Each structure stands twice: as C-alpha cells, then as structure tokens.
Amino acid sequence: AAAMQGDFMPKGGKRVVVVGGGWGGATAAKYLRLGDPSIEVVLLEPNKEFISCPFSNLVLSGVRTLPSLTISYDGLRAHGVKVLHAPAVAIEPEIQRVRVGEGFLQYDRLIVSPGVDFIFEQIDGAGQGERVVHAWKAGDQTVTLAHQLQSMPDGDVFVLTVPPVAFRCPPGPYERTSQIAWYLKTNKPKSKLIVLDANQNIVSKTGLFRAAWKAYPNIDYRASNKVTKVDFGERVVTTEFGDRVKFDVLNLIPPQRAGAIALRSGLGGDDQRWCPVDHVTYESTKARNIHVIGDATTGLPVPKSGNVANSMGKITAHAVTRLLAGKPPVPMPPGNTCYSWVSDREAIAVVNAYKIENNKVVQIEQKLTPAQSPQVAQNAVGWAQSIWHDMLG
Amino acid sequence: AGPLDHPGYVKSATCSACHGFAGASRSDTMPVLAGMDAAYIKKALQDYASGKRVSPEMEPFAKQALQLGVDDVAGYFASQKKAPTPVTADPAAVARGRTAAATCAGCHGADGKGDPSKQIPDLRGQPPGYLRNQMMLFKADRRSPGDANLKAIKTLMKTVPDQTFADLAAYYSSQR
Ligand SMILES: Cc1cc2nc3c(=O)[nH]c(=O)nc-3n(C[C@H](O)[C@H](O)[C@H](O)COP(=O)(O)OP(=O)(O)OC[C@H]3O[C@@H](n4cnc5c(N)ncnc54)[C@H](O)[C@@H]3O)c2cc1C
C-alpha cells in the first residue's frame, strides 16, 4: 500500500477502472480488452484468486472441493488487464477518481460490480456478523460451514435461515437445503434440517424443489418464518412471531443489499439498498460515467445470478467501448440459466431469455427443466466450465 | 477485427455462457458452434424454438436468436475459426470407433465431415460427451421425436449397441 499514494498510476489514454473482480467485473474487464485493446483497464479486487459461488453448495455436501472452484486472475492479466489486489475505498464522481490505499486512480468510465453486503443490523444479536456463518460469499466461510456440517454428531439439528427477497441467487438457499439434506440422509440419518424461510414459499423453481425434497423426509421446511434474532450462547434463533428454534449448527443467510462501496458512493436508489441503472448501458441513474452491474443492480426483470452478471459484464463492456469511441451503444439483451443440484448427481434448471423493447429489458420466456436428471447435472458442469473460461480464461 | 466486431456478436453474447467464447466450447457436454455450417445452425435454432428438438436450455435462447435475427446469429458462429474440443479421447476407443463408423460414412463421410448441402452436420472436433448423448437421444427417439426425415438415422441407431456410442463419439471427436 506504500506505493499507492497520490496519482500512483497516472492515466495516459482512455482508461476504464473496474471495481470488483467477481462474475460481473471480471467479465467486463476481459471483454473491454477484447473489444478495444487501446483502452487501459484497471481491475480493483482485494481477493488474490476468484472463487465461484456457483457450485459452492456442493462443497458443503463434499461433492466438490473449494480448490476446484478457485481460478487465478492470470488469464485476465494475459489479456492486458492491470489487476490490483486492493479495494476501492471511495468514488469521487465529480472529478472521476477512485480512491485506493492512500492514493487515487483517474478514470474515463467506471464499472462497479461489488456484489452484495449483509444487513446484519436486521438480526438482533448478530452484531457486525462476527459469529455469523453465512457461506454466501464462497471462500473461508464455505469451508467453515462444510466442516461444521461434516463434524456434527448424528442426531444434531442443523438450522438454515433464508432472508426476505431480494437476495443473491434466488434458488441458492433451496439448492443448499437439498445438498445438506442429501448429506445428512447419507451420513447422519438421525439428524434433521430445519429451514426457516422469511418468504411465503420457495422463491424459485418451487415445484421442482418440492418434488426433489420428497426424497428428504429429514427436511422440516417452514415458510413465512422470518428470523429476527439470534443467541449464539443459548444456540437459539427467534422468528418475528416469537417462535424460538434451537440449533446445533446454524447457517444464517442474512438480508442483503448492494456492496457497500456502491451505496457509500451515492449509487443507491430510493430504498438505499440496490442501484438503479439504464437497461442498455448499465450507466447509473445517479451518477454519470459510472456503470453498475451484477447483484448490486435493481429494476431489471432478471435474477441476481452469476450468469446475469456475466451477461451484464459483456453488454456494459460493449457499451463503454462504443461510448468512449463516440459511438451510440447497441441494445443487447442479457440471458440467464441457473442450475441447481438436488442431490450428488441430479440437477434442475431455470432458463430466461430476454429482449430489449423501448430501451427496457423484457423477458421473452422462462423455461424450467421438466424434472431433475443426471443429464441436467452434466449440462451444469458444462455451463460452469464454459462460463468460468468466458470470464477469466 | 476480432469476433466482437462481427454484426452478429451483439445478438449472440449470451450464448458463450454455455458454448464458450465465440462458440469455442470448453466442455464435454456443450457443442462447439465455431465454424459450424450456418444453414445447419439456423435449422437447429428453428427446431429448438418450435419445440420439435427438445431442450429446456435451448428453447428460450433459440427464440431469442429468432427474434433478434437468426441469420446474423448463425452467420456469427459460422464465420468463427473452427475450434475443436479440448476434451481428449482414449486412442483405443478412437480405433474401435473408426471401424464402427463405416455404417455412418454414407451420410457423414468417412471422417465425419458431413454435407452442408444436405444439412448433415460436421461431427469432427465436437466434444465426445455431446456426440454420445445425441446418439442416445436418436436411439430413444428423443431428438426431434417423430421427425420423418430422421427415420433412417434413428433406425440405424437402434442397431448400434450403447457401448459402441462412446467409441463412435471418441472417433469423430478426435477427427480434425
Ligand atoms: C451459494 C451460492 C450459489 C450460487 N449459485 C449460482 C449458480 O448456480 N448460478 C448463477 O448464475 N449464480 C449463482 N449464484 C449467484 C452468483 O454468485 C452471484 O449472482 C454473482 O457472484 C454476482 O456477481 P457480482 O459481480 O455482482 O458479484 P461478485 O461475484 O460477488 O463479485 C463482487 C466482487 O467485488 C469485490 N469487491 C467488493 N467491494 C469491493 C471494493 N470496494 N473494491 C474492490 N472490490 C470489491 C469482491 O471482493 C468480489 O470479488 C450463487 C450464489 C451463492 C451464494
């Protein structure tokens, strides 16, 4: 950080700074370089390696390992992206600067893809999240939860809590439910899994998950059970209706909002939770020359998924390349496929295709796989290999 | 000029999530689109969109391609340099497959090159897992069920034992 003082990397020609090297940001950085190699691209990402949230539920059940979901940023470097492993501290829209360390970077356009942060203050007793195991950002937390699950004595109770929408990955909590239930059924037949869902029903792929859960009588799924309090000493969570539920292992997925840097920089909408954007360029409606992509956005009829963030990265890279060349942006629709594993070998999927109508994203169709199958699981593996390479290869 | 400068790119950007950058699939299950015959791509997309060729993944994206302009989308992938699968095949399986492929040569040619004038696809360099799966689907009449034009290939597939499909797939996949 000593080197990052003042204007530590003076800008020469056109420069785009990307905040966040996850699904949206990594894709945007790569595609900017592919689209116009004369653009200097600086990516700010504190993590030394990329770790995929998609497939991380399989680490809990022991079906995959975390290293198999970990990818180096060297592929981006080979495309000429300047990867700096440091967080953006602040954004100064008026003077087009990002503060990093004790210095700053000047930009022509900024792309912000910070993902989500957790609203711990909505859970009494959660503090700043010190003791919360959410495993909702893949990494150490995933390993911790996997270890807690795998080392818990047979007969113990696992409690999983689902926050109210909107949250990252609508089918994610239910894929996780399936993986934990599969693991317990196979390895700890006397244990049970209590799911306390703040929502009125399974949020995504409802029928397919219900069908899958017929194989898991160990699941006690309770809809409309919003958790508002946790007591780590007593090992009890409390719902908004005052029901107290005892746990041996707790996976508390907290309520979510856009990554802190976006909200701190004034990019949040009226809700101060998510960031409204233009549907064609992803330029923030709150600040010029700043584009927001991925989970942090709101107002589009799309789920908060890695596949959508990847789409937005490509679209925004294209728009920014055109805008920097003084050309009008071309409308490009996003796409989405979310695969969910319901056992160690079977998966289901939801697929969404979109078009742009009057400069707004409109869904053409949503399609579900008719049933769970090993073939869908194989396609999920294929999707992951392709999209990881599309982002970072 | 790279792939992003092709007029079809802006209509095909979502496809790389599964089919790889510019249609160069990395995986065993997703077909390579780079360098594929444009008319075959177009026919495949029309078949998916109408529901004749059944795929929950492809039906929405085929509809998207048809709405945005299927000729541009097909032209984009057809104009990319052919990119054979990085998935490698077992040499022994390739050798067995070469022998078994004699019955297919009438339509696909000895090496699997196919015939664009008859919309017979090029099988060379496709991932083995994808090829094998398609053969199984033909055999069970689950690829374009009931399609009269595919009667001959399906009748033939019923005579091929399941274990041979992996060999055939290894052979065609290894051809360049
Ligand atoms: C368990 C689970 C399963 C999932 N499964 C799927 C799935 O199967 N398919 C699917 O499509 N999606 C899935 N998702 C959702 C997917 O992970 C997210 O939608 C995706 O990560 C969103 O991309 P993003 O770029 O918005 O955020 P992220 O990928 O989280 O990237 C944000 C990056 O920004 C960095 N960052 C944050 N603040 C700063 C700062 N101030 N300065 C610099 N960098 C910063 C972070 O370190 C992070 O690397 C899943 C999610 C979970 C939790």
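Across the interface of chain B and chain A, how many residue pairs are in polar contact?

Modeller: Happy to! First, this is a predicted model, where local features need pLDDT of at least 70 and side-chain atom pairs count only at pLDDT 80 or more, while totals for chains, interfaces and linings use all residues. Residues are numbered from 1 along each chain as its sequence is written, chains are lettered from A and ligands numbered from 1 in the order written, and side-chain values use heavy atoms, with hydrogens and water left out.

Now your question: the rule finds 12 residue pairs in polar contact across the interface of chain B and chain A, both residues being at pLDDT 80 or more. A polar contact is a pair of N or O atoms within 3.5 Å; within protein, one must be able to donate a hydrogen and the other to accept it, and residues adjacent in sequence count only if both atoms are side-chain atoms.

Which parts of chain B touch chain A? Helices α1 (16–19) and α3 of chain B each supply at least two residues of that side; helices here are DSSP runs (H or I, at least four residues), numbered from the N terminus. The largest share, seven residues, comes from α3(B). By class, the side of chain B that touches chain A has 12 nonpolar, 10 polar and five charged residues. Here Ala, Val, Leu, Ile, Met, Phe, Trp, Tyr, Cys and Pro count as nonpolar, Asp, Glu, Lys and Arg as charged, and the others, Gly among them, as polar.

Charges also meet across the chains, with a count of two salt bridges. A salt bridge is a side-chain nitrogen of Lys or Arg within 4 Å of a carboxyl oxygen of Asp or Glu. One of them joins B:Glu59 and A:Lys367, whose closest N and O atoms are 3.2 Å apart.

How many residues take part in the contact? Chain B gives 27 and chain A gives 37, where contact means heavy atoms within 4.5 Å. About 2700 Å² is buried between the chains, and carbon and sulfur atoms give 62% of this area. Buried area is the accessible area (1.4 Å probe) that two parts lose on being put together, summed over both. Three residues, B:Val10, B:Ala17 and B:Glu57, supply 19% of the area that chain B buries against chain A, more than any other three residues.
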